[in-house]
Amino acid sequence: MSTTRHMVNRQRRLAAVKARETPTPAPRAPRPRPKSGEKPARTARGAVPRPLLLALLTLLAVLAAAFAVFAHSRAEAARDLPALRNTALTDTARTSEVKGTVGQAVDAVFSYDHAAPGRTEKAADKYLTGKAVGQHRDMLAQVRSQGDRQKLVLSTTVTHSGVEVIDEDRARVLVFADQSNTSTAKGGSATHAAAMFAVDVVHRGGAWRIANIDTFSR
Amino acid sequence: MARTTFRHRTKLSLASAAAALALGFAAWTGSSWYAAAHDDSAHFARTRDEVLAAGEQAVLNMNTLDHRDLERGLDAWEQSATGDLLDELREGRVEFEKQVRTARTVTTADVLSGAVTELDEREGRAGVLIAVRITVDPPKKKPSTKESRLLGELTRTGDGWKLSGLGQAPAGETPTDTPSD
């Protein structure tokens with residue numbers, strides 16, 4: 001079977017080559033003989049009569065335009081998906097930038113040393129903005145008020161974090177952190193706590209700052 | 001006669017121009033559509049959201065259990081799991097059923113927040129961080145809630161993404177940044 005097909009194909013190929021090699025025959029006589037009074041150009045266009053050609057072209061234009069509109073709307077829809085607005089993980093550089101800054105910020109603003117309370121203030125100035133400033137003040141109020149007497153040292157370490165959303169200059173990060181609160185006064189003790197919260201960060205003045213701290217309280 | 005020809009010709013060239021223009025637009029928008037549909041990062045973004053949704057649902061399933069409907073609850077657990085986690089669940093099922101029957105608890109959960117921490121599309125593996133609030137309602141006692149910090153590992157299966165590992169984020173002094181495995 002295959003041999004036969006081979007042969008047939010070969011013959012076809014040969015015939016094609018031969019056809020190419022033979023000089024093109026003189027142009028055939030115009031098929032529909034021009035009737036008297038009619039211009040040859042009109043009929044020389046071939047088998048498609050003019051009204052049909054016009055209709056076909058119009059149809060083509062309409063179809064192509066319709067497709068263009070459809071494709072445009074589909075492309076827009078595909079680009080406008082919420083999944084695509086969120087560049088967490090897809091933009092690896094920005095993701096690690098956000099993650100890194102949040103880690104540093106949380107470690108710094110939720111750490112407090114009674115001997116150097118200014119350090120926490122400075123960190124808060126550097127990393128917090130908007131609502132987070134007040135939230136942070138409330139969260140640390142107790143530590144601050146008892147800090148001196150009990151010689152408190154609060155330290156916070158982010159153990160895990162994940163960037164939930166990055167939408168241009170805003171992002172949200174889920175944070176798991178370990179906290180230890182040590183009283184270095186006589187008879188003092190240490191308490192450890194596992195914390196989880198989410199922070200909303202905004203990109204302002206070339207840096208990411210925490211704008212809101214969500215502790216999931218009801 | 002000449003006038004008709006002229007009109008015909010104008011119509012024809014107009015139609016040709018319109019067709020050419022429309023074809024041009026169609027090619028342009030078509031390729032833009034193709035590009036949008038085959039954008040790698042778009043695909044990655046959709047997979048990321050898929051992974052998060054699967055992870056959150058699985059965590060929800062595995063923290064939901066009603067002692068009055070154990071079979072269905074535990075079936076849902078197994079449907080959310082694959083790999084090692086599934087083996088563990090199957091192994092402990094009988095013992096666990098007994099415990100819950102005795103305790104007669106109803107456990108429900110809320111996902112507070114979740115994030116995908118890593119995603120390897122080629123390997124079909126991903127890591128998630130999920131914060132949940134779990135409410136345990138024992139008989140004749142007030143329900144208690146606790147918050148849980150979970151690290152999950154997901155694996156792609158023929159039936160979507162499923163949890164292949166799940167555990168609490170260890171609370172200790174050692175900072176790690178990878179899900180426990």
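Two strands are taken to pair if DSSP finds at least two bridges between them. Helices (H or I, at least four residues) and strands (E, at least two) are DSSP runs, numbered from the N terminus.

This is a predicted model, in which local features need pLDDT of at least 70 and side-chain atom pairs count only at pLDDT 80 or more, while totals for chains, interfaces and linings use all residues. Residues are numbered from 1 along each chain as its sequence is written, and chains are lettered from A in the order in which they are written.

**The sheet of chain A**

Chain A holds an open sheet of five strands in the order β1-β2-β3-β4-β5, with antiparallel pairing. Because β1 (112-113) and β5 (207-214) of chain A stand at the edges with a single partner strand each, one side of each has no neighbour in the sheet. Two bridges join β1(A) and β2(A) in the antiparallel sense; A:D113 has A:V153, in β2(A), as its bridge partner.

Two helices of chain A meet this sheet, as tabulated here. Contact requires C-beta atoms, placed from the backbone, within 7 Å. Axes are lines fitted to C-alpha atoms, for helices over the stretch in contact, and angles run from 0 to 180 degrees between N-to-C directions.

| Helix | Strands touched | Angle |
|---|---|---|
| α7(A), residues 131-150 | β1, β2, β3 and β5 of chain A | about 80° to β5(A) |

**The contact between chains**

Chain A contributes 36 residues to the contact and chain B contributes 43 residues. On the side of chain A that touches chain B, α3(A) gives the most, with 17 residues.
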